[in-house]
Amino acid sequence: MSFKEEWAAHKASGAARMQLAHVLPADQATGKASYADDPVLDISTGALRSVARAATAVHKSAKAAVTTLDTAHGGVASGAAGFASTRTLGKVKTSWDERLCAIRERCDKLNDAFSSAAGLHDGNEVDVKQTFESRIASLHGTSSDSPSRER
């Protein structure tokens with residue numbers, strides 16, 4: 001059997017197909033590149049930024065709640081002097097102030113984290129694209145900064 005005949009037989013049987021490492025077979029494909037045992041990671045910078053905006057909104061709401069609490073408690077100590085409940089109301093206000101402050105701090109951290117993650121993902125996408133373009137250009141003997149030349 002000649003090489004051409006042998007090759008034709010292999011091609012027809014599908015035995016000559018190349019399989020890339022870590023690519024799922026067509027019957028298992030999810031439409032997204034992933035390792036067989038890993039979850040598919042579909043990162044949306046818009047979603048990350050949306051969560052960051054939500055954290056900022058909660059932060060602003062907590063700040064408004066502190067202002068409302070301060071306004072509501074203004075004058076309570078002097079107006080209710082001598083009542084046993086005055087000191088208890090002060091403790092409750094302090095407790096709420098601490099909770100709302102903790103919420104605001106946590107929201108600041110979440111906003112920073114999600115905004116940073118979105119920025120890093122955007123940067124990663126750009127870096128990967130530029131790396132591929134540069135590598136393709138070098139394989140074709142062109143600069144990625146200049147138009148490809150005719151061969």
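Residues are numbered from 1 along each chain as its sequence is written, and side-chain values use heavy atoms, with hydrogens and water left out. In this predicted model, local features need pLDDT of at least 70 and side-chain atom pairs count only at pLDDT 80 or more, while totals for chains, interfaces and linings use all residues.

The protein chain holds 4 helices and 0 strands; helices (H or I, at least four residues) and strands (E, at least two) are DSSP runs, numbered from the N terminus. Read from the N terminus, the order of elements is α-α-α-α. Of the 151 residues in the protein chain, 13% are buried, where buried means under 20% relative accessible area, exposed over 50% and partly exposed in between (1.4 Å probe, protein chains only). Among contacts (heavy atoms within 4.5 Å) between residues at least 6 apart in sequence, 55% join residues at least 24 apart.

Two packed helices are described by the angle between their axes and the distance between the axes. Helix H2 (residues 45-73) packs with H4 at an angle of about 160°, and their axes lie 8 Å apart. Axes here are lines fitted to C-alpha atoms, for helices over the stretch in contact, and angles run from 0 to 180 degrees between N-to-C directions. H2 and H4 are therefore roughly antiparallel to each other, a label for angles over 145 degrees. By class, 18 nonpolar, 8 polar and 8 charged residues make up the contact of H2 with H4. Here Ala, Val, Leu, Ile, Met, Phe, Trp, Tyr, Cys and Pro count as nonpolar, Asp, Glu, Lys and Arg as charged, and the others, Gly among them, as polar.

Asn111 belongs to helix H4 (residues 85-139). Apart from neighbours within four places in sequence, Asn111 is in contact with Ala52, Ala55 and Thr56. With Thr56, the side chains make a polar contact of 3.4 Å; such a contact is a pair of N or O atoms within 3.5 Å, and within protein one must be able to donate a hydrogen and the other to accept it, with residues adjacent in sequence counting only if both atoms are side-chain atoms.

Lys63 sits in helix H2 and is partly exposed, with a relative accessible area of 47%.

Terms used:
Parallel < 35°, antiparallel > 145°, perpendicular 65-115°, else oblique.
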